Amino acid sequence: MLLLGIDIGSTTAKAVLRREKDIIFQKYERHYSLVREKTVELLREVQNIVGDEPLIAAISGSAGLGLAEAADIPFVQEVYATAEVVREREPDASCVIELGGEDAKIIFFNGGID
């Protein structure tokens, strides 16, 4: 099963394509406020790899909600998405700090405090 995650932040667009747990494509680029154009560009690159193979896709990120709604693709809130992948990949982590283009977030997993 192919899984495609697209994150559209305030300054960058990211895409990761996985087959099971193996990453088969990943890209991270500035979008220069051309969110839709950059997303279409990323999707074309993914399509070259995927062809007609079915996949499951989701979009996250601060600029992703409108795009997800317009394309009828599920939206996953970015803090939730970050927490889930850290729990899967680094189950002993007690917290994660994410630095974005316009903000920063910290997630405590074990009852930490600010």
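Asp72 lies in the loop between helix H2 (65–71) and helix H3 (78–89), where helices (H or I, at least four residues) and strands (E, at least two) are DSSP runs numbered from the N terminus. The structure is a predicted model, in which local features need pLDDT of at least 70, side-chain atom pairs count only at pLDDT 80 or more, and totals for chains, interfaces and linings use all residues. Residues are numbered from 1 along each chain as its sequence is written, and side-chain values use heavy atoms, with hydrogens and water left out.

Most residues other than glycine have a negative phi. Asp72, although not a glycine, has a positive phi of about 55°. Asp72 is exposed, with a relative accessible area of 71%; buried means under 20% relative accessible area, exposed over 50%, and partly exposed in between (1.4 Å probe, protein chains only). Ser33, also not a glycine, has a positive phi of about 65°. Ser33 sits in the loop between strand S3 (22–30) and helix H1 (35–50) and is exposed at 63% relative accessible area.

A nonpolar core is defined as a set of buried Ala, Val, Leu, Ile, Met, Phe, Trp, Tyr and Cys residues joined through side-chain atoms within 4.5 Å. The largest such core has 15 residues, of which Leu4, Ile8, Leu17, Val46 and Ile59 touch the most other members. Strand S1 (2–8), strand S2 (12–19), H1 and H2 each give two or more residues to this core. A second, separate core of five residues includes Ala83, Val86, Val96 and Phe109.

Apart from neighbours within four places in sequence, Val46 is in contact (heavy atoms within 4.5 Å) with Leu4, Leu17 and Phe25.
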